[in-house]
Amino acid sequence: MDQQTTFSQSFPIKGGDFVNAGTVSVKIKNILKDIGVKPDIVYRISICCYEAEMNIVMYADEGILDFSITPENIIVDVNDKGKGIENLELALQEGYSTATERMREMGFGAGMGLPNIKKNADEFSIESELSKGTKLHFKVYLN
Amino acid sequence: MKNVNMLLNKIKELIGGKSLTSDILLGREIVYCFGADLMSDVLRFARTGSLLLTGLTNNQVLQVSEILDLKGIIFVRGKIPDSGLIEEAERRKLPLLASDKLMFDTCGILYSNGLKGGKSLLEVKDGSANNIQPVVSD
């Protein structure tokens with residue numbers, strides 16, 4: 001973790017929990033808004049967090065979203081335990097989705113999740129291991 | 001055609017819709033609209049502070065509305081969310097309208113009356129997205 005971290009919080013997220021899905025991202029949005037972060041940065045981080053949160057709810061067994069703020073950056077690490085991503089290149093392609101028919105009925109499966117995170121973040125990296133899980137790291141610069 | 005600002009009350013009248021939440025919320029002014037059923041598309045392409053037209057009636061429309069500070073939702077194709085969602089929207093002061101018309105037709109009515117889509121956050125990278133705050137907060 002960054003030595004200059006001024007605030008950090010970890011949020012556990014349960015796979016398959018569609019009732020609470022999205023609440024972590026809304027909490028993070030409110031924290032950023034309350035401390036006076038610029039609106040466009042608040043939107044970008046909230047969109048990234050929502051997509052990451054929904055990925056855990058839809059595809060993983062469980063995960064943790066670690067969120068920290070330094071004077072220069074907002075940093076988010078999302079680690080999940082689950083089936084992992086078979087083809088990262090495809091998963092990062094806009095429109096590609098492995099969502100089931102049931103998930104599509106619930107408004108997911110646009111194939112925009114990871115591409116949305118990548119586009120909104122200033123730094124983005126992803127690692128995934130089949131049958132183990134996925135690690136996602138992204139950062140948005142405050143200045 | 002020039003982009004117009006329009007009160008939700010007027011929008012309700014134009015689409016022949018009904019209000020699912022308190023009428024007091026219909027005094028809200030709308031500048032941008034967006035139509036989609038997939039929430040990631042809303043997050044990627046909608047202008048923050050838009051009025052959302054959708055056929056999706058689950059809880060995720062509320063979460064996405066919160067994230068993008070959406071100013072209201074029109075449920076199209078006669079879809080009505082459950083009472084729990086309507087109560088939660090009322091609590092959050094998020095106006096909900098319902099229309100029996102199709103998505104295409106509802107969007108067409110609003111567009112032909114001067115409402116437009118607006119650019120998403122990613123298309124407005126010059127910092128002007130920060131100027132939308134007066135639009136999204138009442």
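This is a predicted model: local features need pLDDT of at least 70, side-chain atom pairs count only at pLDDT 80 or more; totals for chains, interfaces and linings use all residues.
Trainee: Starting with β5(B), which way do L51(B), L52(B), L53(B) and T54(B) point?

Mentor: L51(B) and L53(B) point one way, L52(B) and T54(B) the other way. All are buried. A residue is buried if 20 or more other C-beta atoms, placed from the backbone, lie within 10 Å of its own, exposed if 12 or fewer, and partly exposed in between. Strands are DSSP runs of E, at least two residues, and helices are runs of H or I, at least four, numbered from the N terminus.

Trainee: What does β5(B) pair with on the β4(B) side, and in which sense?

Mentor: β4(B) and β5(B), residues 51-54, run parallel over 3 bridges. Strands pair if DSSP finds at least two bridges between them. F34(B) stands opposite L52(B).

Trainee: And how many bridges to β6(B)?

Mentor: 4, again in the parallel sense, with β6(B) spanning residues 72-75. T54(B) has F75(B) as its bridge partner there.

Trainee: What handedness do the β-α-β units have?

Mentor: β4(B), helix α2(B) at residues 39-45 and β5(B) make a right-handed unit. β5(B), helix α3(B) at residues 60-67 and β6(B) make a right-handed one too. Right-handed means a clockwise path from the first strand over the helix to the second, with the strands pointing away from the viewer.

Trainee: What's the strand order in that sheet?

Mentor: β2-β7-β6-β5-β4 in chain B, an open sheet of 5 strands with mixed pairing. Its edge strands are β2(B), 18-19, and β4(B), 33-35, each pairing on one side only.

Trainee: Chain B overall, how many helices and strands?

Mentor: 6 helices and 7 strands. Of its 138 residues, 46% are buried.

Trainee: Switching to chain A. Which strands make its sheet, and in what order?

Mentor: β1-β2-β3-β5-β4, open, with antiparallel pairing. The edges are β1(A), 7-14, and β4(A), 123-129. Twist averages 10° from one strand to the next; axes are lines fitted to C-alpha atoms, for helices over the stretch in contact, and angles run from 0 to 180 degrees between N-to-C directions.

Trainee: How many bridges join β3(A) to β5(A)?

Mentor: 9, with β3(A) at 73-82 and β5(A) at 133-141 running antiparallel. D77(A) is bridged to H137(A).

Trainee: Last topic. How many residues of each chain are in contact?

Mentor: 24 of chain A with 20 of chain B. Contact means C-beta atoms, placed from the backbone, within 7 Å.

Trainee: Which helix of chain A gives the most to that side?

Mentor: α2(A), with 8 residues. α1(A), 23-34, α2(A), 39-59, and α5(A), 113-120, each supply at least two.

Trainee: How does the chain A side divide by residue class?

Mentor: 10 nonpolar, 8 polar and 6 charged. Nonpolar covers Ala, Val, Leu, Ile, Met, Phe, Trp, Tyr, Cys and Pro; charged covers Asp, Glu, Lys and Arg; the others, Gly among them, count as polar.

Note on methods
Residues are numbered from 1 along each chain as its sequence is written. Chains are lettered from A and ligands numbered from 1 in the order in which they are written. Two residues are in contact if their C-beta atoms, placed from the backbone, lie within 7 Å.
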